[in-house]
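Look at the structure, then read the points below.

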Amino acid sequence: MVSAPVITLVPSASHPEVKCLSLSGRIDTSTVNSITPAVLQAVSDSPSGLIVDLHEVSFVSSAGLRLFLTAFKNAQSSNKKMALIRLHPEVYKIFKVAGLDPMLGIFKDEKQALDEVWRKA
Amino acid sequence: MENANKEKDVKAIADSLVQQAKEASAVFTQYSQQEVDRIVHAAAKAAANHRIDLARMAVEETGMGVFEDKVIKNQFASEYVYNDIRDAKTVGLIHHHAAQGIWEFAEPLGIILGITPVTNPTSTAIFKCLLALKTRNTIVICGSRNALKCTNEAARIVYEAALAAGAPDYVIRWVDTPSREMTHALMTHPDMALILATGGMSLVQAAYGSGKPAIGVGPGNVPVFIDKDADIDLAVHDVILSKTFDNGMICASEQSLVVDRSIRDKVEERLKAHGAYFLSEEETKKVQDVVIDPEKQSMSPKVVGQKPQRIAQMAGIEIPQDARILIAHLDGVGEKFPLSREKLCPVLAFYTANDFDEGVNLCTDLTHFGGLGHTASIFSQNPEVVQRFSDTINAGRIVVNSPSSHGGIGDIYNRLRPSLTLGCGAGGRNITTDNVTVTHLLNIKRITNRMMNMKWFRVPSKIYFEPGCLDVFFSHEIKDFGVRQAFIVCSGSAMREGTVRRIQDYLEQAGIHSSVFSDVKSDPTLETIESGLSAMRKDKPDLIVAVGGGSPLDAAKAMWLLYEQPELSFDDLKLYFMDIRKRVVKVAPLGKKAKLVAIPTTSGTGSEVTAFTVVTDGATRKKYPIADYAITPDVAIIDPNLVMSVPRDVTADTGLDALSHALESYVSIVASDYTDPLALRAIQLVFQHLPAAYRNGKDAAAREKLHNASTIAGMAFTNAFLGINHSLAHILGATFHIPHGRANAFVMNAVIRYNAALPKKFPAFPNYLYPKAKERYAEIAEALKLPCSTPEEGVESLIKAISDLKRQVGLPASIREAGVPESEFGKAVDRMAEIAFEDQCTVSNASYPLVEDLKKILWEAFG
């Protein structure tokens, strides 16, 4: 039985213009459709960008990678930023091996993401 | 003009070196293991004896590293490497895998180009020469320009010792005039067999790009994760030991420490106590500018193997005289953090990780930043942490709780093969992640004997026979089965005959409940199986009793299989296979939920003892034989009392079915000594008793013999399988609604003629040595006491006897005689031939048929 990803969305405490989205479980073909609207909506709802917390995510399929790329492109086209944080080693490795890490912006935590992506900009 | 001359000189020198080595490698192929071992022993001894002067020469010439450590490296290359390869078999027959019938012989490669680095010049030269000698290869050593004298001296020492011990002249050569052009000329020389390249990435890439087989190494960027559970004293000791060894010149040496925040202060404190100097931010900047060439974005050669004080001097900073290592705190990995690169000198990067995940991710970043596939290191006392780290990090060697330099080169701190050439796998663009050793410098020739496939003989564990055995079984034996709920699968006729009622009465007396599924018609369909299965799932029987002709028995076997293993699908089960033991879909043994008792009420199919069932796809009418020994019934009850009222035409059809089973299993390519007597006996019984049983259905003796013949033929073909007689009968019967046994009878003579001729295509089965169907048919003729002075006569006698038998039991002589219009047959024949070709029975036929052949047989059978 595949558990559907659970989604929570809150504004960043220290930077309310940025929203923080937390996902959990497996992000694959059987679950990606159920979270895609929420992720893309979160990008468009956030005034200056989105941080996605993957700490509770155990697996990302190619459908999951495509979702993050779409979200990133949407953010980029409306002049917003995006970052992924708190990836487990197994999930982090997927982004490294796929060569997506420089594009997507992967950070250890919210603070580092805010410092590197939003405050520096 | 000058360039042209130089090019000519280079080519002449390369040609001469290779020519000498070529002669030596030819001569060397004749040496025995004993001679080779004597040579390697002498060579290793000489190298070990010269470890001190070679170390001194290397330090003086290169200006890199630590004399005392280079002594250890030379000793490692001679003593450890020699000890590791000493007893290895590298000549002639090196391994015999008796069970696989495979002999492995070692074949030398020929000439190896051994490229050695400036960092470990003498030890690498010794190492490569010893490996070459042990494998009867010759080697041309091509040293670094900056370590030429000491490299060639090491090669010379090994060579002269080898020569004195009887090695061929020129078995080791070396380059006195190194240049990029020379390296290229040697790498691309037509006679060069393999490049064994140790050096910088550009050199290794050149080796791989030369078009020659190459074993190379890649750069490392070794991360060390110090987990919160680590033994800190041990970790710090090992890191210092390893990173200071020869001033950090081993490519497996530590490059970055990644330390869990909870123990960071303690680790720092211990490092300082051991003489580590932590650089300030400003000092870090100065050091990074001299260690990493800012323009080339790579390690600067001038710092390689230098002392910390020398590096500090170059960077213009002051450090204590007793500082052993320089350490820089870094926040990230990548071009913005130059010291996150490989640095073969006593400079380390230091990272703090908030937790394990963050630490492993940093190590992943470091390996991806120029060290993929090489080596990684972890200090932790928690095996789960080590395992998770190892699962994620891509490194050919993951060294645990040990110094990574010594751990990576193997044998000192672990049982990796001792080596000075460490493969870095695909991540480092290498062919292997192994520590390179003699096995990589040999071609293994595998001599493989013809191996016979294991065969088998499997039938139900209990077969009851003699008239009345059904009553005895259900009134007595059944009590030992310990069952409570029976499910009876039967046809309408078995109900009418009263057999089912009789069985239910016995069961009731034994305290066993029973239910009946009697909806099985001829050629059971998938829908029938599914409806029986749902009844079965409701009743949850622990005994299944199948009563009837072939159809209820086949249906019960399919239901049993799916009842026991609901995860299997019909699509899986019908999947064609070449070898029943290697099929893609595996079926676990049945019997966890229920046992199957099979009771035939006709004498033909043999289904009560076989591993087969035929299920028809209701939509296409195509028949699918499902085969697996798992569906062999547990018990078969062969009671001739049950066949006394079989109608005449059914007696004839089923009798011919039994005959076709026995005939086909006797000439099958899988036939064996175990199945042959059964097949022959079944054939005799059918010929002797079918006409009588047909003429007089009340002839109890004939009925009994025929009933036995059917089961005995079943025992033969469940182990020897069938052939194209059945492949053709399956589709012929389905297309023109001809009873199965009769369809078999129609094609029988044509199939015998086809199989008895020399096959146009041979079936591939190792146990079937050469075509012998003709002789096998003649043996059958002989067993039937038919005229058989030659095999040809035997075949014709058998065909005539079959024709006679068919006539005696009222069967039409041909398909045409059976009333099938020629126009209808002509329309169907192409499709029938194609489907027969795909039939599972075709695979064990004595001749591998072409579709065209099957068409001809069908026409011949049409008449």
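In helix 22 of chain B, Leu663(B), Tyr666(B) and Val667(B) meet Ala773(B), Arg776(B), Tyr777(B), Glu779(B) and Ile780(B) of helix 27 of chain B. Contact means heavy atoms within 4.5 Å. This is a predicted model: local features need pLDDT of at least 70, side-chain atom pairs count only at pLDDT 80 or more, and totals for chains, interfaces and linings use all residues. Residues are numbered from 1 along each chain as its sequence is written, chains are lettered from A and ligands numbered from 1 in the order in which they are written, and side-chain values use heavy atoms, with hydrogens and water left out.

- The contact residues of helix 22 and helix 27 of chain B divide into 6 nonpolar, no polar and 2 charged.
- The axes of helix 22 (residues 648–667) and helix 27 (residues 773–783) of chain B come within 9 Å and cross at roughly 135°.
- Helix 22 of chain B is therefore oblique to helix 27 of chain B.

**Sheet**
- An open sheet of 7 strands in chain B runs in the order 10-13-14-9-8-15-16, with parallel pairing.
- Two strands pair if DSSP finds at least two bridges between them.
- Strand 10 (276–278) and strand 16 (395–400) of chain B are the edge strands, each pairing on one side only.
- Strand 10 and strand 13 (residues 325–329) of chain B pair in the parallel sense over 3 bridges.
- Tyr277(B) stands opposite Leu326(B) in strand 13 of chain B.

Terms used: Axes fitted to C-alpha atoms, helices over the stretch in contact; angles between N-to-C directions. Helix = DSSP H or I, 4+ residues; strand = E, 2+ residues; numbered from the N terminus. Parallel < 35°, antiparallel > 145°, perpendicular 65-115°, else oblique. Nonpolar A, V, L, I, M, F, W, Y, C, P; charged D, E, K, R; others polar.
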